[in-house]
Amino acid sequence: MNRAKLKRLIQDFYLVFVLIFLYAPILTMMVLSFNTSKSRTDWGGFTLDWYVQMFQSSTIMDALYNTLLIAFIAALVSTVLGTVAAIGINSMGRLPKTITMGVNNIPMLNSEIVTGISLMLAFLAFGISLGFKTILLSHITFCIPYVILSVMPRLKQTSRYTYEAAMDLGAGPVQAFFLVVLPDIMPGVLSGFLLAFTMSLDDFIITHFTRGAGINTLSTLIYSEVRRGIKPSMYALSTVIFLTVLALLLITNFSPEGQEVSRGLPPTEAEKAKKRRLETARKALLTAASFCVILAVSFTTYRHFAAARSNELYVYNWGEYIDETVIEEFEKETGIDVVYDLFETNEEMYPVIEAGGVAYDAVCPSDYMIQKMIENDLLAEIDFENIPNIDQIDPEYLERSKAFDPENKYSVPYTWGTVGILYNDKLVEELGAKPPESWLDLWDEKFAGEILMQDSVRDAFMCALKPLGYSLNSTNPEELRQARDLLIAQKPLVQAYVIDQVRDKMLGGEAAVGVIYSGEMLYLQELAEGKDFQLEYVIPKEGTNLWIDSWVIPKNARNKENAEKWINFLCRPDIALRNFEYITYATPNRGAFDLLDEELKQNKALFPDWDSLENAEVYQYLGDEADSLYNELWKEVKSK
Amino acid sequence: MAHPLIDLVHISKAYDGATVLDDLSLSVKENTFVTLLGPSGCGKTTTLRIIGGFERPDAGTVIFDGQDITSLPPNKRQLNTVFQKYALFTHMTIAENIAFGLKIKNKPKSYIDDKIKYALKLVNLDGFENRSVASLSGGQQQRIAIARAIVNEPRVLLLDEPLGALDLKLRQDMQYELIRLKNELGITFIYVTHDQEEALTMSDTIVVMNQGYIQQMGSPEQIYNEPENAFVADFIGESNIVPGVMLRDELVEIFGAKFPCVDKGFGVNRPVDVVIRPEDIDLVEPEKGTLTGVCTHLIFKGVHYEMEVTTPDGFEWLVHSTDLCPVGKTVGIHVDPFDIQIMNKPESEDEEAVGVNE
């Protein structure tokens with residue numbers, strides 16, 4: 001092989017390498033969106049179910065409606081404003097023009113998070129409540145510079161003499177603009193519109209900061225769904241978004257300049273024909289794109305208004321934490337319109353409730369966070385007269401709830417679970433170890449490189465505090481330091497500190513033992529069927545964390561009675577059963593439990609005997625000081 | 001005698017503090033071909049744009065057919081412009097381009113169609129109605145721009161360096177085309193160019209401008225043969241401009257040699273500038289010449305030879321002649337009295353020419 005060929009080969013290889021690097025992640029997602037299995041590692045066959053599910057989900061469709069409507073209006077308004085601005089800027093003198101263009105470019109270079117936060121602050125400062133209109137205003141704001149940037153070059157190309165020529169031939173300024181200037185800069189204006197549409201469609205950060213209650217765009221929706229593991233319908237949705245954005249970009253860049261034939265030589269017939277074809281194709285594409293945009297907007301508008309009602313309930317819940325048909329049924333039965341909003345972590349939810357910019361009626365935080373909210377006087381007492389179904393909740397859980405809600409006045413348990421050790425029976429045997437039964441088994445050197453720990457501070461310290469015989473709510477610095485030393489000692493044996501991947505890695509047989517939430521078990525065992533190993537869950541004998549997520553009503557709720565109706569509805573055994581089947585986290589509802597198959601009732605991972613929970617504790621809010629001590633010590637563990 | 005159609009009265013204009021036109025007055029008669037000639041930045045285009053209504057003068061008035069139109073917008077003026085870069089509407093066909101002005105004025109369709117046909121015929125582009133602008137050559141686009149302007153039957157056609165973007169051959173063809181059009185239409189043309197040859201070929205009247213002032217105004221022959229100052233002499237054609245002393249009427253001394261001439265009234269022993277065109281210098285035997293020098297350069301130009309003859313004082317005379325004088329040969333310089341043009345020395349560089357020839 002000669003040198004030139006080799007060089008060529010290396011070049012090609014490099015190009016392919018770069019392309020794979022760029023597109024492999026997206027391709028992976030696309031492939032997974034057609035995967036029958038929910039696992040990220042197993043291929044279970046081809047299916048379109050996730051796409052069907054996506055189109056049937058009212059949450060996703062609502063988010064789609066918001067996204068499209070906002071993108072459309074924002075693009076339209078910013079195109080008009082941007083075009084007018086560009087014309088103004090173009091006619092300025094050189095210095096003011098340079099300065100103005102600089103000012104125009106800053107928002108584009110500015111970090112989005114700064115833009116997002118400052119917009120949010122501005123809205124709050126002027127007393128504008130966050131919601132649809134604030135997202136729209138923000139999107140218009142950040143789209144304008146892009147429109148200006150795409151119209152400007154076209155304007156520069158357009159000789160100012162064409163405008164003067166039109167005036168010269170008798171047209172007034174307005175006529176001259178619409179008859180001559182606008183058609184001339186139209187390609188720039190159209191691509192500005194599509195660019196703005198794409199940018200708005202795509203935006204997450206700014207939307208995240210400026211959105212209010214019950215408003216989600218696709219990007220914020222996907223973000224809030226991340227917490228409990230992304231459902232494959234989200235892959236389907238992401239695939240659709242990617243393809244849409246790709247299509248828009250292609251159209252935007254599709255040969256907008258057709259007129260650059262040299263002036264001296266008349267073009268040949270072939271060139272002209274080619275140009276005409278390109279021009280026609282471009283026009284057809286633009287028309288098709290605009291048509292699709294309008295169709296999508298009107299379709300979702302129809303859906304939206306077909307469902308609109310006035311009696312409202314604002315719900316703030318974890319992503320993937322309810323069977324959506326339950327919401328629909330509640331709306332049908334009560335005539336209350338549910339505005340459903342999602343959060344990803346307790347820490348994200350808390351400041352939203354504390355700020356009170358959005359008045360939620362029903363929220364579903366975790367134990368320690370409920371305690372913090374009670375201490376900070378953010379919750380309203382629930383009127384249990386309105387919740388007769390409270391009888392259905394096993395008194396044992398109400399008893400446990402007293403750890404964070406001492407008088408059972410503020411919260412109604414919704415789901416619960418434990419943290420335990422998941423192990424691969426085959427691998428454990430191969431390593432010559434016995435099945436784990438104590439937290440200390442995670443310090444067994446036989447498991448070197450086979451241990452997965454939770455990458456979250458309280459869970460990690462729990463694993464060390466419990467075997468030391470201390471409370472998992474310990475705030476004693478000495479006890480915590482001992483736990484830290486224990487964790488550092490364990491570090492050489494740990495394969496990784498992870499959150500979601502415990503599930504996938506264990507399924508793939510990559511590790512022998514891992515710390516995991518019991519809620520994942522039902523789902524995991526389903527997927528592990530047919531493998532040559534079993535995944536077993538054990539609650540260590542020293543005790544563990546028993547966590548409870550409960551419904552509460554914030555003090556500033558506007559529809560407290562509706563919230564109580566909602567909580568009562570969720571306590572109905574048939575409804576609780578449906579939610580259990582969807583979420584697969586253990587239900588505290590006795591009525592629902594009684595309706596379960598015998599096999600599930602016996603599932604000790606989901607519904608352990610109370611005896612085994614003797615030493616289990618509920619996380620409590622430890623105060624800011626203890627919080628930072630925990631974080632500091634955890635940092636020391638991670639950095640060693 | 002035709003009466004003045006356009007009168008510019010004491011026009012001044014400045015951009016960002018830089019004066020472009022300073023107290024300029026100009027009168028244009030009906031049915032003439034007037035050319036504004038000068039180097040770039042001399043204010044000729046600004047003058048045209050003020051007439052067209054695209055610029056407002058800072059001071060002074062524009063009179064059109066006896067009426068003050070200083071603040072009238074372009075669309076209300078009875079004149080049309082042919083722009084430097086044609087400024088055709090690229091998203092329209094040729095016919096739509098030409099029809100633009102008529103459609104704005106709501107003329108009936110049959111009238112518009114007739115006018116399009118007539119205008120295309122006039123510019124020798126029959127049958128181009130449905131072509132696109134991009135499919136035309138530069139010269140064709142130029143003619144469409146003219147057709148688009150003249151269908152509106154303006155009384156004055158303003159042309160801003162319309163041939164500037166064309167190549168030499170095309171430019172010459174278009175010059176004849178423009179003269180023919182002007183004669184057929186019988187309207188006033190105001191033409192801006194920096195090309196002196198173009199101006200000399202086409203104009204009835206040339207207005208030479210520099211640094212916002214009119215330097216000289218007159219027929220092409222007057223401008224060429226009797227430049228009133230060094231700027232005009234230098235800008236129009238090539239010339240030898242040498243310092244001299246007017247000894248008395250009809251006798252001027254150049255580099256110590258006495259040349260008889262026909263100019264009078266400059267006084268006695270007065271320093272002047274002397275203009276001698278290169279083609280007016282006769283190279284003769286050394287002993288017959290008024291001055292002698294050595295030929296130092298020789299270039300063949302086709303029609304004639306271009307030579308440089310250096311006289312002992314160091315001045316290099318530019319000479320055009322069909323007779324060849326080899327480099328190194330000593331020759332005599334002779335000039336006929338009526339080929340010598342005497343000018344007053346300017347007091348400052350941008351001095352305004354005194355008086356304007358009618």
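Q: In which element of chain B does V9(B) lie?
A: In this predicted model, V9(B) belongs to strand β1 of chain B, which covers residues 4-15.

Q: Is V9(B) buried, partly exposed or exposed?
A: The class follows from a count of surrounding C-beta atoms: 20 or more within 10 Å means buried, and 12 or fewer means exposed. V9(B) has 17 C-beta neighbours inside 10 Å, and therefore counts as partly exposed.

Q: Which residues does V9(B) touch, leaving aside those up to four places away in sequence?
A: Its contacts are S25(B), G60(B), T61(B) and I63(B). As for T61(B), 52 residues separate it from V9(B) in sequence, while their C-alpha atoms are 5.3 Å apart in space.

Q: What share of the contacts in chain B with a separation of 6 or more comes from residues 24 or more positions apart?
A: Such pairs account for 67% of those contacts. Chain B has 358 residues, of which 40% count as buried, and its secondary structure comprises eight helices and 20 strands.

Q: Turning to chain A, what is the strand order of the open sheet of three strands?
A: Strands of a sheet pair through backbone hydrogen bonds, either parallel or antiparallel. In chain A the order is β2-β1-β3, with parallel pairing. The edges are formed by β2 (337-343) and β3 (362-363) of chain A; each has a single partner strand, so one side of each lacks a neighbour in the sheet.

Q: How many bridges join β1 of chain A to β3(A)?
A: Two bridges link β3(A) to β1 (residues 312-318) of chain A, and these strands run parallel. Opposite Y316(A) stands V363(A), a residue of β3(A).

Note on methods
Residues are numbered from 1 along each chain as its sequence is written. Chains are lettered from A and ligands numbered from 1 in the order in which they are written. This is a predicted model: local features need pLDDT of at least 70, side-chain atom pairs count only at pLDDT 80 or more; totals for chains, interfaces and linings use all residues. Helices (H or I, at least four residues) and strands (E, at least two) are DSSP runs, numbered from the N terminus. Two residues are in contact if their C-beta atoms, placed from the backbone, lie within 7 Å. Two strands pair if DSSP finds at least two bridges between them.
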